[in-house]
Amino acid sequence: MAHGSISVDPRSGFCKSNSTFYSKRKPIPLPSDEFLDITTFISSRPHSGTIALIDASTGRHVTFSDLWRAVDSVSTSLSLLGIRKGDVILLLSPNSIYFPIVCLSVMSLGAVVTTTNPLNTTSEIAKQIADSKPVLAFTTAQLAPKLSDSSLPISILGTESLKLGGGGGRVLPCIEEMMRAEPSRGRVRERVRQDDTASLLYSSGTTGMSKGVASSHRNLIAMVQTVMGRFRLDDGEQTFICTVPMFHVYGMAAFATGLLASGSTVVVLSRFEMDEMMAAIGQYRATYLPLVPPILVAMTNHADRLRERYDLGTLQSVLSGGAPLSKEVIEGFREKYPGVTILQGYGLTETTGIGASTDTSEESLRYGTAGMLSPNMEAKIVDPESGKALPVNRTGELWLRGPSVMKGYFSNPEATTSTLDSKGWLRTGDLCYFDEDGFIFVVDRLKELIKYKGYQVAPAELEALLLTHSEIADAAVIPFPDKEVGQYPMAYVVRKAGSNISETQVMDYIARQVAPYKRIRRVAFVAAIPKNPSGKILRKDLIKLATSKL
């Protein structure tokens, strides 16, 4: 396999001459037009789809013609309100059919959409507002009070305008009113370049302060092309269930932009509720179900009841992201749902959700893998200590380079420089290795390594062992500070129902299986492990809890 003048091992994708791993997947063509926004790119793609969006709670259908007229009308309304290229618009909302309409309208103007978690506190949202400096906000009537301390003009996502005293600054027409506006044919549109910023999503901040990830139209176009190719959506119309949060890169990239380019139908659920999700699969004949690992585990544990109660006959694939699935989880799911393929994916907010994936049932049987590199993506495995690039089957920090890698962190040149080098390589902060067949395995987060007497301990390794105990439902391992050894592993454990497993039993169970420096030396029992929307453990919350009593 050759890439230009260099020679690449066709089995692993590794090139010895520059220590780079290249994607083994067929390259995806990207548009070369300098002046192209993501909205125009999506709306101009030919397809035979009819229904774009369905609101699962009301049954409301939005056709593709309705969608693009709504986007045109909302962008006209925003333009008349003075919104211009480069302006930032805040979107504070649970999943909704309005979400894609707002995103596509804002980005069509060359303005920038920034999303935030509806569960965030007023002060957390205020920090994002202070950092991103939006000029107006879209939100729901229920969430508007969270903007009460801001002076932002507000448009309500729904049919009613905001009541006086509801929060924020000036009250704007509601989204439905904007959607009914007559699109302006004579409006002069500013020219938008592919390299202009399109979205400003805030990274999860699991290992530090949350930072605004500036993604360009080019990044989003590359993401759309990758999604289209991965699911072979040109082969026919598909129906996706959307319960993963649209404010997160997983949902925003795929549902608010990507899938609409293919003519696929997106069934929108405002929140995750198992029975509502299952009912929607049967009612709307869904073929694809994106989710995070905890939901897949719950589907397996309750499979007998769910299969008896709901029609899941059309479901072809579940798409899991956020963390690799274990052999036990994959085999358990395949046994309960033999006709459904598991596809896994690895990506970051900083890579617009793109990085690696398993695209077939056979690839997912490579247990523990995050998949093979996405098309057009390059990678290096770098020794964190020496900075040397490593070959196959050697563990180091994963660096990625490709068309979906972010422009940088918003108004944060220091963080950008420490994460993104001058040649476009993104330091992911994930400890990984490639096997001889080009599959990536994520070992742990580099920044979360526990340093015990100079030894490095990977929390994920201990967590995997804890989850093999018959009385443990979930677990997380964190570094606990100690003057003598630096840090030692502490476990937070969720007991299974009826279990009375003790701290000593947990520590002894691990001690029998690991080297002395890896032993767990402190245990706390909790009702649930805190995780972000993509299923990643919020270790910083647990570290704060553990050290608050010191």
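Here is a walk through the structure, from the whole chain down to a few single residues.

What you have is a predicted model, where local features need pLDDT of at least 70, side-chain atom pairs count only at pLDDT 80 or more, and totals for chains, interfaces and linings use all residues. Residues are numbered from 1 along each chain as its sequence is written, and side-chain values use heavy atoms, with hydrogens and water left out.

Let's start with the whole chain. Its secondary structure comes to 16 helices and 30 strands; these are DSSP runs numbered from the N terminus, helices being H or I of at least four residues and strands E of at least two. The radius of gyration, taken over C-alpha atoms, is set against a globule rule of 2.2 Å times the number of residues to the power 0.38. The chain has a radius of 24 Å, close to the 24 Å the rule gives for 550 residues, so it is as compact as a globular protein of that length. The C-alpha trace spans about 75 × 60 × 50 Å along its principal axes. Of the 550 residues, 56% count as buried, where buried means under 20% relative accessible area, exposed over 50%, and partly exposed in between (1.4 Å probe, protein chains only).

Now zoom in on a pair of helices. α8 (residues 274-283) and α9 (residues 293-301) pack at an angle of about 80 degrees, with axes 12 Å apart. Those axes are lines fitted to C-alpha atoms over the stretch in contact, and the angles run from 0 to 180 degrees between N-to-C directions. That makes α8 roughly perpendicular to α9, a label for angles of 65 to 115 degrees. Met274, Met277 and Met278 in α8 meet Ile295, Ala298 and Met299 in α9, with contact meaning heavy atoms within 4.5 Å.

Finally, two serines have backbone angles to look at. Ser19, in the loop between β3 (14-15) and β4 (20-22), has a positive phi of about 55 degrees although it is not a glycine. Ser411 has a positive phi near 50 degrees and lies in the loop between β23 (408-409) and α13 (413-419). Ser19 counts as buried at 19% relative accessibility, whereas Ser411 counts as exposed at 60%.

How values were computed
Angles under 35 degrees count as roughly parallel, over 145 as roughly antiparallel, 65 to 115 as roughly perpendicular and the rest as oblique.
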